[in-house]
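This briefing goes through selected features of one protein chain, grouped by topic. Please keep the sequence and the 3D structure in view while reading.

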Amino acid sequence: MKWPILRAFPSFSPRYLRPFLRLCAQRSALATGKKLHALILTTGLSIPHNSFLLNTLLHLYASCGDIAYAQKLFDDIPHTSKDVADWTSLMSSFSRQNRPRDALLLFAQMLENMAEIDDVAMVCLFSACAWLQDVGVGSQGHGRLVKMGLEGRVKVCNALMDMYGKSGMVGDMRRVFGEMEEKNVVSWTVVLDGVLKWEGVSNGREVFDDMPCRNEVAWTIMIVGYVGNGFSKEGFLLLSQMFHCGFKLNYITLCSLLSACAQSGDVVMGRWVHVYGLKMIGTEMDIMVETAMLDMYAKCGKVDTAIKVFECMPRRNVVAWNAMLSGLAMHGRGRVVVEMFQRMIKEVRPDYLTFIAVLSACSHSGMIDQGSYYFDSLQSVYGITPKIDHYACMVDLLGRAGRLEEAETLINQMPIPPNEVVLGSLLGSCNSHGKLQLAENILQKLIRMDPHNTEYHILLSNMYALAGKPDKANALRRVLKTKGIRKIPGMSSIHVDGQLHQFSAGDKSHPETQEIYIMLEDMIRRLRLAGYVPNLAAQVFPGSDGVEDAGVSLEKEQALFSHSEKLAICFGLLSTKPGQPLYIFKNLRICHDCHAAIKIVSKIYDREIVVRDRNRFHCFKEGSCSCCDFW
């Protein structure tokens with residue numbers, strides 16, 4: 001679209017200009033729109049006194065994502081001249097730019113100014129509430145919707161159901177769905193997404209099968225639901241049905257599938273998606289797909305493959321660089337991250353996420369001087385104001401190195417209040433270095449922030465046990481029991497032949513339980529012969545009251561031997577060929593005893609064992625671990 005065509009008009013009347021500005025908004029042609037805006041200004045047309053032109057310009061800038069200028073134009077429009085489209089244009093822009101709180105504030109101002117509320121405004125409200133999972137405000141909006149008589153509008157009801165679904169209120173979502181007289185494919189897809197997330201793949205499949213018609217989004221959500229929950233075979237079967245119905249995988253579908261594979265650790269499905277992308281799209285894949293691909297390989301433990309994907313990318317933006325640096329950081333390759341960062345700054349400008357990856361890598365690799373240098377460079381060199389995540393990385397870096405006093409000083413000097421991540425990191429370092437008094441002080445702060453979080457209580461309880469204070473350890477756990485607060489169960493999973501197998505501590509629900517425990521018995525025997533000694537110090541049993549006898553010791557040993565990661569490894573040893581690497585995924589942090597035991601297991605069974613816990617990867621090979629020195 002060439003703006004000089006306007007010169008053909010003898011005068012620049014608003015009625016001639018507005019259609020061009022609307023067209024720019026529809027096509028997100030901000031550059032062309034700005035040229036039109038500049039041309040208007042040079043003609044001497046008085047914009048501040050032309051509310052119609054202001055309205056159109058506001059819509060242009062809001063639609064194209066220039067919120068700052070859209071806000072300025074909005075403020076310039078006289079109060080009496082603002083119509084509902086002005087309010088909703090800015091609200092929609094806030095929602096698209098992931099600024100839901102600003103959208104809610106604007107909606108509140110809209111009510112205060114007695115502006116007319118329409119269905120677009122209600123969609124914006126519910127979208128913001130969905131993002132924030134704010135059921136309270138969302139429910140109030142639902143009541144207003146009914147009073148306004150808009151409950152029959154399909155788009156509004158879809159947004160309302162999405163809000164309930166994302167907030168876990170599946171019953172309310174289903175109720176709204178049942179009351180809708182008219183439903184479209186989006187309505188069904190919203191319900192499918194909510195049911196899959198909160199009720200599981202079985203109920204989700206029922207909704208999917210009941211759908212009168214399905215689009216690519218519905219197929220993708222169902223397939224991703226299978227893959228993300230470890231049902232790869234069902235995912236592959238549904239993919240073939242999707243192709244049979246004439247649908248293909250687009251960029252968004254590919255990214256969604258790769259993200260699900262990264263979440264579940266399913267590298268087999270991830271490789272299939274990679275091959276499909278190469279066959280259907282070719283080597284010049286979209287940068288978004290390539291970034292999702294390298295992220296998937298890194299999170300599935302194949303960091304070297306991730307590096308190959310990254311190096312073959314014809315162009316890389318800051319998102320791709322961040323994904324690569326984060327993947328390397330998770331695998332403890334701090335020095336590679338620092339080297340790659342030097343390459344990055346020659347191509348793109350790093351952002352705040354870049355430094356989270358770099359600082360995390362320095363922390364896991366024990367690179368204290370380099371981490372301190374990059375933290376200090378944030379503001380002075382790159383103009384980035386340190387955020388809470390950067391402080392958390394620095395506290396972790398100093399804490400791992402045993403410099404807890406410096407870490408505590410840094411927390412006290414922070415310009416923003418520390419959150420759970422910052423204090424939780426320092427508490428973990430107290431555990432590693434035996435700083436019991438400091439840990440007690442930190443726990444009190446953490447309890448005030450989140451009284452129902454069991455992890456911090458258990459950590460301090462273990463510290464009491466290690467310090468020879470079992471009475472305090474048991475008392476702390478009794479407090480949890482009295483309050484009805486339960487510890488999050490540790491779960492470990494392993495993919496074998498396209499199926500996900502999950503284990504909890506002491507689990508005996510697996511079909512091959514008998515064979516697994518026979519293998520476990522043999523593994524413990526061989527571990528003992530290799531010099532393994534169970535770490536019983538941190539095992540606390542509330543009923544013992546500090547009295548240690550042979551029965552309690554035996555019970556502690558059995559509890560340690562049947563940790564979920566050990567059971568998953570035993571199943572992997574039984575179900576895979578000799579010498580094949582094992583990839584274990586755990587939802588919590590791996591314990592010290594399992595860490596020590598798996599090192600020996602990797603040597604006596606001649607297996608590479610990769611464990612991804614909540615924080616990072618641990619690569620065990622030939623009796624050692626790449627993260628041992630700085631874990």
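How far apart should the ends of helix α15 (residues 251–264) be at 1.5 Å a residue, and what is the distance between its end C-alpha atoms? The model is a predicted one, and in it the 14 residues of α15 should span 20 Å, which agrees with the 20 Å that separates the end C-alpha atoms.

**Helix α15**
- At the N-terminal end, α15 is capped by Asn250, which places a side-chain oxygen 3.2 Å from the backbone nitrogen of Ile252.
- Buried positions within α15 are Thr253, Leu254, Cys255, Leu257, Leu258, Ala260, Cys261, Ala262 and Ser264.
- After α15 comes Gly265, a residue with a positive phi, near 80°.

**Helix α7 and its surroundings**
- Helix α7 (residues 119–132) also has its length on record here: its 14 residues reach 20 Å from the first C-alpha to the last, close to the 20 Å expected at 1.5 Å a residue.
- At the start of α7, Asp118 brings a side-chain oxygen to within 3.3 Å of the backbone nitrogen of Val120, while the residue that follows the helix, Gln133, has a positive phi, near 55°.
- The helix buries Ala121, Met122, Cys124, Leu125, Phe126, Ala128, Cys129 and Ala130, and the elements covering these residues include α5, α6 (100–112), α8 (135–148) and α9 (154–166).
- Thr88 lies in helix α5 (residues 84–96), and it counts as buried because its relative accessibility, 7%, is under the 20% cut-off.
- Leaving aside neighbours within four places in sequence, Thr88 is in contact with Met110, Asp118, Val120, Ala121 and Cys124.

**Nonpolar cores**
- The largest nonpolar core comprises 160 residues, and those with the most contacts inside it are Met122, Phe126 and Leu192.
- Apart from that core lies another, of 29 residues, including Phe503, Met523, Ile584 and Val611.
- With neighbours within four places in sequence again left aside, Phe126 is in contact with Gly138, Gly141, His142, Leu145, Val156, Ala159, Leu160 and Met163.

**Second largest pocket**
- The second largest pocket has a volume of about 440 Å³.
- This pocket is lined by 18 residues, of which Gly228, Asn229, Gln263, Ser264 and Gln502 are the closest to its centre.
- Two or more lining residues come from each of the elements α13 (216–228), α15, β1 (491–496), β2 (499–504) and β3 (582–586).

Note on methods
Residues numbered from 1 in each chain as written. Predicted model: local features only at pLDDT ≥ 70, side-chain atom pairs only at ≥ 80, totals over all residues. Heavy atoms only, no water. Core = buried A, V, L, I, M, F, W, Y, C linked by side-chain atoms within 4.5 Å. Buried < 20%, exposed > 50% of the residue type's maximum accessible area, 1.4 Å probe, protein only. Contact = heavy atoms within 4.5 Å. Helix = DSSP H or I, 4+ residues; strand = E, 2+ residues; numbered from the N terminus. Expected span 1.5 Å × (residues − 1). Polar contact = N/O pair within 3.5 Å; in protein donor to acceptor, adjacent residues only side chain to side chain. 1 Å grid on protein atoms, 1.4 Å probe; cavity = no way out; pocket = protein on both sides within 12 Å on 5 of 7 lines; lining within 4 Å. Points joined across faces, edges and corners; volume = space filled by probe spheres on them.
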